[in-house]
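Trainee: I am new to this structure and would be grateful for a close look at one part of it. Please take me through the aromatic rings and their surroundings.

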Amino acid sequence: MKYLSKIEWEFLQEEKEISFIEETNLDLFEVTKIYLKRNEKYEILLGIIGKVNQHDSEEIKKLNQPVDIHIKTKFHTYNLFSCHIIKDTMTYPQNEYNVVFKVQNVERNINKYSDNEEYFIKEWYLNSTQDSLIFKRGTSFNIKKEFIKTRDISKNSELNILEESMPDSILDSLFLELNDYSILLQEVPQKFGPDWSKNLGIEYQKELNIPPQDIRKKNC
């Protein structure tokens, strides 16, 4: 497991601030910060901080019912489903509001400007089987790092060093061929989940026929 990247599994290991926002269905003015994180119960939280005005006060009241929130930034699109407010505070004289939502599910997609087709989806869930013996397929890992250092003194002053780790491998997956598509079940490294959970990842690939979202939800 030495060379599993946290990028592959857990986006919310640390609090992530959402910036460079281009589009959103949140009708709030003067937003100063939007962030995503997990709490100690492993719940997903969305926090929004901004300056209070009469418009925002009325809009926040409308968000008391569960809502789906969509945010498009320069690089990513976030779809946050079944968000409901668990904290709503106003501070004076700073005239600042702080709204925290509990989020049921988050989808984060890299913006593609020329191709919107999905080639690869990996979703993971809490509390899978405790029997590791079912995972009989191997996965190999290798890391390559390139270090480039350039000084503005001459055309030949660039230093380029390529580092490559020793390959590593582990038995951590199970391949299932179903009627209309195939999936790969994979153990999620324990360090990316809470201590009380055994985590399971489900991987879909275009060449294995990615099912629609409603079918994927049934798989979990």
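**The aromatic rings in their setting**

Mentor: R216 lies over the face of Y204, at 5.9 Å from the ring centre; a charge sits over a ring if NZ of Lys or CZ of Arg is within 6 Å of the ring centre and within 35 degrees of the ring normal. The model is predicted, so local features need pLDDT of at least 70 and side-chain atom pairs count only at pLDDT 80 or more, while totals for chains, interfaces and linings use all residues. Residues are numbered from 1 along each chain as its sequence is written, and side-chain values use heavy atoms, with hydrogens and water left out.

The chain holds three helices and 15 strands, which are DSSP runs numbered from the N terminus (helices H or I, at least four residues; strands E, at least two). Of the 220 residues in the chain, 35% are buried. Buried means under 20% relative accessible area, exposed over 50%, and partly exposed in between (1.4 Å probe, protein chains only).

Two aromatic pairs are counted in this structure. Rings of Phe, Tyr and Trp (its six-membered ring) pair if their centres lie within 6.5 Å; planes under 30 degrees apart count as stacked, over 60 as edge-to-face and the rest as tilted. F20 and F75 form an edge-to-face pair, with 6.3 Å from centre to centre and 80 degrees between the planes. This pair links distant parts of the chain, 55 residues apart: F20 is in the loop between β1 (16-17) and β2 (21-24), and F75 is in the loop between β5 (67-73) and β6 (76-91). F20 is classed as exposed because its relative accessible area is 56%. F75 counts as partly exposed because its relative accessibility is 47%.

The pair of Y42 and W124 is tilted, because the ring centres are 6.3 Å apart and the planes stand at 55 degrees. Y42 lies in the loop between β3 (31-38) and β4 (44-51) and W124 in strand β9 (residues 120-125), so this pair ties together parts that are 82 residues apart in sequence. Both Y42 and W124 are buried; for Y42 the relative accessible area is 14%.

The backbone of Y42 also deserves attention. Most residues other than glycine have a negative phi. Phi of Y42, however, is near 70 degrees, a positive value in a residue other than glycine. N209 has a positive phi as well, near 75 degrees. N209 lies in the loop between β15 (200-205) and α3 (213-219), and counts as partly exposed because its relative accessibility is 43%.

I161 is found in strand β12 (residues 159-164) and counts as partly exposed, at 36% relative accessibility.
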